[in-house]
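Please look over the chain shown here before reading on. The briefing that follows takes its fold first, then the pairing of its helices, and then a few individual residues.

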Amino acid sequence: MTSLPSSEPDYIEQAPELRRATVRRAPKFVPFLIAGALVGILAAAIVALAGPGSASFDRSTVFGFFAVLLALPGVALGAAIALVLDRGSVRRSERIVLEQADDAPSA
């Protein structure tokens with residue numbers, strides 16, 4: 001059996017696919033956590049250097065204790081700031097419609 005030539009083209013032109021998406025500028029959390037820890041360590045350095053000296057503990061021991069003690073609240077503060085900024089970015093988000101582009105280069 002032989003097939004007869006078809007009058008239809010080999011390709012069928014389809015309507016472009018449309019997708020909806022939300023675009024927003026969200027903060028990255030890790031830099032805020034690191035910055036919070038650094039603020040806590042800086043506060044520990046201030047406490048260790050500004051506080052009165054002790055015969056039992058030298059300043060580096062006091063700094064190490066307060067660095068551990070204040071770094072965790074600093075991380076929590078950085079996370080809270082990032083969450084507040086993230087919540088604000090949700091309110092400023094925009095809805096867009098995306099159309100699939102043809103990947104073939106135009107000649």
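**Overall fold**

The chain holds two helices and two strands, where helices (H or I, at least four residues) and strands (E, at least two) are DSSP runs numbered from the N terminus. This is a predicted model, in which local features need pLDDT of at least 70 and side-chain atom pairs count only at pLDDT 80 or more, while totals for chains, interfaces and linings use all residues. Residues are numbered from 1 along each chain as its sequence is written, and side-chain values use heavy atoms, with hydrogens and water left out.

**Chain as a whole**

- Followed along the sequence, the elements come in the pattern β-α-α-β.
- Of the 107 residues, 14% count as buried, a label that stands for under 20% relative accessible area, with exposed meaning over 50% and partly exposed in between (1.4 Å probe, protein chains only).
- The chain exposes about 9300 Å², of which carbon and sulfur atoms supply 63%; accessible areas come from the Shrake-Rupley method with a 1.4 Å probe, and for residues only the protein chains shown count as cover.
- Among contacts (heavy atoms within 4.5 Å) with a separation of 6 or more, 82% are between residues 24 or more positions apart.

**The two helices**

- The axes of helix α1 (residues 29-50) and helix α2 (residues 59-91) come within 5 Å and cross at roughly 145°; axes here are lines fitted to C-alpha atoms, for helices over the stretch in contact, with angles from 0 to 180 degrees between N-to-C directions.
- By class, the contact of α1 with α2 has 23 nonpolar, four polar and two charged residues, with Ala, Val, Leu, Ile, Met, Phe, Trp, Tyr, Cys and Pro counted as nonpolar, Asp, Glu, Lys and Arg as charged, and the others, Gly among them, as polar.

**Leucines of helix α1**

- Leu33 is found in helix α1 and is partly exposed, with a relative accessible area of 29%.
- Not counting residues up to four places away in sequence, Leu33 touches Val75 and Ala79, and its C-alpha atom is separated by 8.4 Å from that of Ala82, 49 residues apart along the chain.
- Leu38 is also found in helix α1 but is exposed, with a relative accessible area of 53%; the C-alpha atoms of Leu38 and Val75, 37 residues apart along the chain, are separated by 8.4 Å.
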